[in-house]
Amino acid sequence: MKNILRITFVVLMVFNLGCEKEELDNRIIGRWVEEEFKSDTLIFESRGNLLKIKSVSKQHLDFLYEIVDDSIGLQWVYSSGIYIPNFHYFSVDNDRLSIGNFYVDSLESNTLLKFNKIQF
């Protein structure tokens, strides 16, 4: 009987964690504009976990993304070889997204980039 309760508890915990991740994944889908200069836009797509960056100053970049706890793993779509993402700090609070610098050359890598969700 104790084993059945333990197994049930573990299954419920795994299911709950999966639901929380799915909820976060759904909240980030859409367009996010950079907070300070409004020059860069992040576009999270649900299909294929694709992140597109549209930048006024740079070329457009496409990344595959993976969310793990409070980090986001990113790998440039056109990089060769095996999928080995680089992880950066990541958080979403309502319509505000904070992400560790992964593409602005003039900033240190530990700088947080902040984005606001664009409502359609």
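The structure is a predicted model, in which local features need pLDDT of at least 70, side-chain atom pairs count only at pLDDT 80 or more, and totals for chains, interfaces and linings use all residues. Residues are numbered from 1 along each chain as its sequence is written, and side-chain values use heavy atoms, with hydrogens and water left out.

- Strands here are DSSP runs of E with at least two residues, numbered from the N terminus.
- β5 (71–76) runs antiparallel to β6, and 4 bridges join them; two strands count as paired if DSSP finds at least two bridges between them.
- Within this pairing, I72 has H88 in β6 as its bridge partner.
- β6 (86–93) also pairs with β7 (residues 96–100) in the antiparallel sense, over 4 bridges.
- β6 and β7 make a hairpin with 2 residues between them, and N94 sits in the turn.

- E34 belongs to strand β1 (residues 30–34).
- E34 is buried yet has no salt bridge; buried means under 20% relative accessible area, exposed over 50%, and partly exposed in between (1.4 Å probe, protein chains only).
- A salt bridge is a side-chain nitrogen of Lys or Arg within 4 Å of a carboxyl oxygen of Asp or Glu.
- The nearest side chain of opposite charge to E34 is K38, 6.8 Å away; Lys and Arg count as positive and Asp and Glu as negative, while His and the chain ends are not counted.
- The side chain of E34 does reach backbone nitrogens: that of F37 at 2.6 Å and that of K38 at 3.0 Å.

**Two residues with positive phi**

- Most residues other than glycine have a negative phi.
- K38, in the loop between β1 and β2 (40–45), has a positive phi near 55 degrees.
- K38 counts as exposed because its relative accessible area is 54%.
- N94, in the loop between β6 and β7, also has a positive phi near 55 degrees.
- N94 is at 59% relative accessibility, so N94 counts as exposed.

**A nonpolar surface patch**

- L64, W76, V77, Y78, I82, Y83 and I84 form a nonpolar patch on the surface, with about 720 Å² of accessible area together.
- Patches are made of residues with over 30% relative accessible area and no salt bridge, joining like charges within 9 Å and nonpolar side chains (Val, Leu, Ile, Met, Phe, Trp, Tyr) within 5 Å.
- Accessible areas come from the Shrake-Rupley method with a 1.4 Å probe; for residues, only the protein chains shown count as cover.
- Y83 lies in the loop between β5 and β6, and counts as partly exposed because its relative accessibility is 36%.

Terms used:
A polar contact is a pair of N or O atoms within 3.5 Å; within protein, one must be able to donate a hydrogen and the other to accept it, and residues adjacent in sequence count only if both atoms are side-chain atoms.
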